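Subject: Structure handover and findings

Hello,

Here is the structure we spoke about. Please look it over before reading the notes.

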Amino acid sequence: MLTWKDVIKFANKGNLAPDKRVEKTEEEWRSLLTQEQFRVTRNAGTEAAHSGALCTKYDAGKYNCVCCGTPLFDSTIKFSSGTGWPSFSQPIKENAIKYIKDSSFGMVRVEVQCNTCDAHQGHVFPDGPEPSGLRYCVNSAAMVLQEEESED
């Protein structure tokens, strides 16, 4: 289980290698993504609080990167943070997320990106639930929910 100490270590000293890499040109990304998805994922944008389609959705499944399809978070670790963005306490795998020190807007935060394709997802904060204490605050536009098949 990752902790804030691990997040800071990765942000300062380098991230784990991803299982694979996906790289495309700006034109290729633009042709695959909506305007909002491109703004958020490729230009580190942020959607307005409480506006994302996945903010209040809690169906069982995996939350995959909208750009490359890599599974990033699982519905079992999603929680309601009250912040207006989907929140998770852990990534699906330790090397699924890349951590980058972000000093924009007069504060220091840790940006989270898909480690496979470098798509901006959001930020991680040390004010989440135990046992990790982490809150991954992620843009709905950066993810797609792959719902689990029902066993009916």
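Below are the notes on sheet, core, rings and charges.

First, the ground rules. This is a predicted model, in which local features need pLDDT of at least 70 and side-chain atom pairs count only at pLDDT 80 or more, while totals for chains, interfaces and linings use all residues. Residues are numbered from 1 along each chain as its sequence is written, and side-chain values use heavy atoms, with hydrogens and water left out.

**Sheet**

Helices (H or I, at least four residues) and strands (E, at least two) are DSSP runs, numbered from the N terminus. An open sheet is built from 6 strands, in the order S3-S4-S8-S7-S6-S5. The pairing is antiparallel. Two strands count as paired if DSSP finds at least two bridges between them. Strand S3 (78-79) and S5 are the edge strands, each pairing on one side only. Between S6 and S7 the antiparallel pairing runs over 4 bridges. There, Gln113 stands opposite His120 in S7.

**Core**

"Buried" here is under 20% relative accessible area, "exposed" is over 50%, and "partly exposed" is in between (1.4 Å probe, protein chains only). A nonpolar core is a set of buried Ala, Val, Leu, Ile, Met, Phe, Trp, Tyr and Cys residues joined through side-chain atoms within 4.5 Å. The largest such core has 31 residues. The members that touch the most others are Cys65, Cys67, Phe73, Tyr99, Cys117, Val124 and Tyr136. At least two core residues come from each of helix H1 (4-13), strand S1 (61-65), strand S2 (71-74), S5, S6, strand S8 (135-138) and strand S9 (143-147). As background, nonpolar side chains tend to be buried together in soluble globular proteins.

**Aromatic rings**

Rings of Phe, Tyr and Trp (its six-membered ring) pair if their centres lie within 6.5 Å; planes under 30 degrees apart are stacked, over 60 edge-to-face, and the rest tilted. The count is 5 aromatic pairs. Take Phe10 and Tyr99: their ring centres are 5.8 Å apart and their planes are at 15°, so this pair is stacked. The pair links distant parts of the chain, with Phe10 in helix H1 and Tyr99 in strand S5, 89 residues apart. Phe10 is buried at 6% relative accessible area. Tyr99 is buried too, at 2%.

Tyr99 also pairs with Tyr136, and that pair is tilted, with 6.3 Å centre to centre and 55° between the planes. Tyr136 lies in strand S8 and Tyr99 in strand S5, so the pair ties together parts that are 37 residues apart in sequence. Tyr136 is buried, with a relative accessible area of 0%. One aromatic cluster takes in Phe10, Tyr63, Phe73, Phe88, Tyr99 and Tyr136.

**Charges over rings**

A charge sits over a ring if NZ of Lys or CZ of Arg is within 6 Å of the ring centre and within 35 degrees of the ring normal. Arg42 places its charged end over the ring of Trp29, 4.2 Å from the centre. Lys78 lies over the face of Tyr58, at 4.5 Å from the ring centre.

**Salt bridges**

Side chains of opposite charge can pair when their charged atoms come close. The rule for a salt bridge is a side-chain nitrogen of Lys or Arg within 4 Å of a carboxyl oxygen of Asp or Glu. That gives 11 salt bridges.

- Glu36 and Arg39: the closest N and O atoms are 2.9 Å apart. Both residues lie in helix H3 (residues 35-42), 3 residues apart, about one turn of the helix. Glu36 is partly exposed at 33%, and Arg39 is partly exposed at 34%.
- Asp118 and Lys98: the N to O distance is 2.5 Å. Asp118 is in the loop between strand S6 (109-114) and strand S7 (120-125) and Lys98 is in strand S5 (residues 97-102), so the pair ties together parts 20 residues apart in sequence. Asp118 is partly exposed at 25%, whereas Lys98 counts as buried at 17%.
- Arg109 and Asp102: the N to O distance is 3.3 Å. Arg109 is buried at 17%, and Asp102 is buried at 12%.

Shared partners join Arg21, Glu23, Lys98 and Asp118 into one salt-bridge network.

Best regards
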